[in-house]
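Please keep the sequence and the coordinates at hand while reading.

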Amino acid sequence: MATLEDKLLGEKLEYYCSSSEGEDNGDDGDEGRSSKGAGKSGSSGLTIDTNPNATPAGGFRQQQGSTNTGPKGVVKDWQRFKQLEAERRDETERQRLALAKKLTMTTATAAEDEERKRQEELDAELDELMSEDFLQQYQKQRMAEMLRQSGGHHQQFGKVQQLTSHSEFLACVEQENKHTTVIIHIYERNLSACSTLNQCLDSLATDYPSIKFAKICSSVAGMSRDFRTKGLPALLVYKAQALIGNFVRLTDDLSDDFFASDVESFLIEHGIIVDRALYN
């Protein structure tokens with residue numbers, strides 16, 4: 001049986017434990033007294049609400065999950081505050097890292113743009129350096145430098161030397177400066193191609209004074225009759241006493257009718273002389 005105190009505290013009936021519960025139900029005296037007690041309770045006008053959700057008469061039932069303002073509540077509030085503070089620090093750190101990353105990317109992009117501009121400038125300079133005019137000018141300067149280093153400027157010839165003996169032939173080759181190119185024409189007097197080549201060499205000797213031009217009759221040089229018939233006109237080229245060019249029967253390359261410019265182009269093509277246009 002619920003008392004007035006139970007009602008005021010809002011105690012649920014199902015949790016109420018009477019001292020008479022569990023006793024033998026056959027005790028009629030106890031049942032009578034219980035019935036009488038119940039009747040008195042009814043007559044006093046006090047009723048017990050069996051609704052577990054009902055609000056107690058005092059109106060101060062403690063709701064589950066309500067804020068605890070005691071010491072435990074203060075501790076929980078402090079822990080919650082520290083948790084929020086840590087979360088704010090983490091969020092601030094994330095924002096800082098994101099900003100740093102963005103600035104880094106911006107800096108990297110600026111550096112890449114600068115590098116690209118520098119590369120474009122280098123490419124433009126390289127294109128200018130690789131232009132045909134620049135290459136020709138550089139080639140001329142380089143050839144002039146090579147000619148100076150080779151010592152070709154030390155001695156000037158300017159004409160074709162006539163060799164009249166075998167010993168002069170040997171001296172022309174062996175006693176010359178090792179940097180000087182020696183071109184010797186072996187000819188025969190009664191061959192028109194040999195006469196034409198002699199005239200061409202006279203012109204080239206003037207145009208290339210640093211090159212030593214010479215000529216010798218095939219009979220004086222000791223050539224065989226067969227060579228004089230099949231191998232003339234012939235050019236022998238020496239440098240540092242070494243034979244670097246041996247061209248026989250030049251009419252096969254120049255034809256029977258040729259000029260000094262044809263002989264010049266032939267020698268340039270075979271690397272015997274350097275085109276004067278490159279260093280003039």
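## Strand E3

Strand E3 is mostly covered, since six of its six residues are buried, where buried means under 20% relative accessible area, exposed over 50% and partly exposed in between, computed with a 1.4 Å probe on protein chains only. Both faces of E3 are covered: Lys212, Ala214 and Ile216 on one side are buried, and so are Phe213, Lys215 and Cys217 on the other. Helices (H or I, at least four residues) and strands (E, at least two) are DSSP runs numbered from the N terminus.

The model is predicted, so that local features need a pLDDT of at least 70 and side-chain atom pairs count only at pLDDT 80 or more, whereas totals for chains, interfaces and linings use all residues. Residues are numbered from 1 along each chain as its sequence is written, and side-chain values use heavy atoms, with hydrogens and water left out.

## The sheet and its order

Five strands form an open sheet in the order E1-E3-E2-E4-E5, and the pairing is mixed; two strands count as paired if DSSP finds at least two bridges between them. The edge strands are E1 (160-163) and E5 (242-247), each of which pairs on one side only. Neighbouring strands of this sheet are turned by 25° against each other on average, direction ignored, with axes taken as lines fitted to C-alpha atoms, for helices over the stretch in contact, and angles running from 0 to 180 degrees between N-to-C directions.

E1 and E3 pair in the parallel sense over four bridges, and the bridge partner of Gln161 in E3 is Ala214. E3 (residues 212-217) also pairs with E2 in the parallel sense, over six bridges, and in this pairing His185 stands opposite Lys215. With E4 (residues 234-239), by contrast, E2 pairs in the antiparallel sense over six bridges, where the bridge partner of Ile183 is Val237.

Seven of the seven residues of E2 (residues 181-187) are buried, so the strand is largely enclosed by the rest of the structure. Thr181, Ile183, His185 and Tyr187 point one way from E2, while Val182, Ile184 and Ile186 point the other way, and all of them are buried.

E2, helix H6 (residues 192-207) and E3 make a right-handed β-α-β unit; a crossover is right-handed if, with the strands pointing away from the viewer, the path from the first strand over the helix to the second runs clockwise. Tyr187 of E2 has Cys217 as its bridge partner in E3. H6 packs on the sheet, touching E1, E2, E3 and E4, and its direction makes about 160° with that of E2, contact being defined as heavy atoms within 4.5 Å.

## Surroundings of Tyr187

At 8% relative accessibility, Tyr187 counts as buried. Not counting residues up to four places away in sequence, Tyr187 touches Gln162, Cys194, Asn198, Lys215, Ile216, Cys217, Ser218 and Leu232. The C-alpha atoms of Tyr187 and Ala221, which are 34 residues apart along the chain, are separated by 9.7 Å.

## Salt bridges

Side chains of opposite charge can pair when their charged atoms come close. With a salt bridge taken as a side-chain nitrogen of Lys or Arg within 4 Å of a carboxyl oxygen of Asp or Glu, the count comes to seven. One of them joins the side chains of Lys212 and Glu176 at 3.0 Å, N to O. Lys212 lies in E3 and Glu176 in the loop between helix H5 (166-174) and E2, so this pair ties together parts that are 36 residues apart in sequence. Both Lys212 and Glu176 are buried.

Arg89 forms a salt bridge with Glu85, the closest N and O atoms being 3.7 Å apart. Arg89 and Glu85 are four residues apart in helix H3 (residues 71-129) and are therefore separated by about one helical turn; Glu85 is partly exposed, with a relative accessible area of 24%. Asp252 and Arg249 also meet in a salt bridge through their side chains, at 2.8 Å from N to O. Asp252 is exposed, with a relative accessible area of 52%, whereas Arg249 is partly exposed at 38%.

## Cysteines

A search of the whole structure finds zero disulfides, a disulfide being a pair of cysteine sulfur atoms within 2.5 Å. Cys172 is buried, with a relative accessible area of 3%, and Cys200 likewise counts as buried, at 5% relative accessibility.
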